[in-house]
Amino acid sequence: MPALKEAVETIKASGLTGFKVIVGGAPVTPEYATEIGADGYAPDAGSAAVKSKELVTA
């Protein structure tokens, strides 16, 4: 999970725009996703697809 935090920070610092970062899976919680600066959380791939649609239309 420390690498996940670093990955989110690196992506956000890249200067690229027009994307959202969603994290999830068994060891990740919604609180951890917020803590590391992710735009969304999903517990599994199917939920990630739903969350992606929510973030795009938000």
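Start by selecting Lys12 and Asp39: their side chains meet in a salt bridge, N to O at 2.8 Å (the term means a side-chain nitrogen of Lys or Arg within 4 Å of a carboxyl oxygen of Asp or Glu). This is a predicted model, where local features need pLDDT of at least 70, side-chain atom pairs count only at pLDDT 80 or more, and totals for chains, interfaces and linings use all residues. Residues are numbered from 1 along each chain as its sequence is written, and side-chain values use heavy atoms, with hydrogens and water left out.

Now colour by secondary structure (DSSP runs numbered from the N terminus: helices are H or I, at least four residues; strands are E, at least two). Lys12 sits in helix H1 (residues 2–13) and Asp39 in the loop between helix H2 (30–35) and strand S2 (40–42), so their pairing ties together parts 27 residues apart in sequence. Lys12 is partly exposed at 39% relative accessible area, and Asp39 is too, at 30% (buried is under 20%, exposed over 50%, partly exposed in between, with a 1.4 Å probe and protein chains only).

Next, step to Ala38, in that loop between H2 and S2. Buried or exposed? Ala38 counts as buried, at 15% relative accessibility. Show its contacts (heavy atoms within 4.5 Å): leaving out residues up to four places away in sequence, Ala38 touches Val8, Val21, Val23 and Ala33.

Last stop: Glu54 and Lys51. Searching the whole structure turns up two salt bridges, and Glu54 with Lys51 forms one, with closest N and O atoms 3.2 Å apart. These residues are three apart in helix H3 (residues 45–57), separated by about one helical turn.
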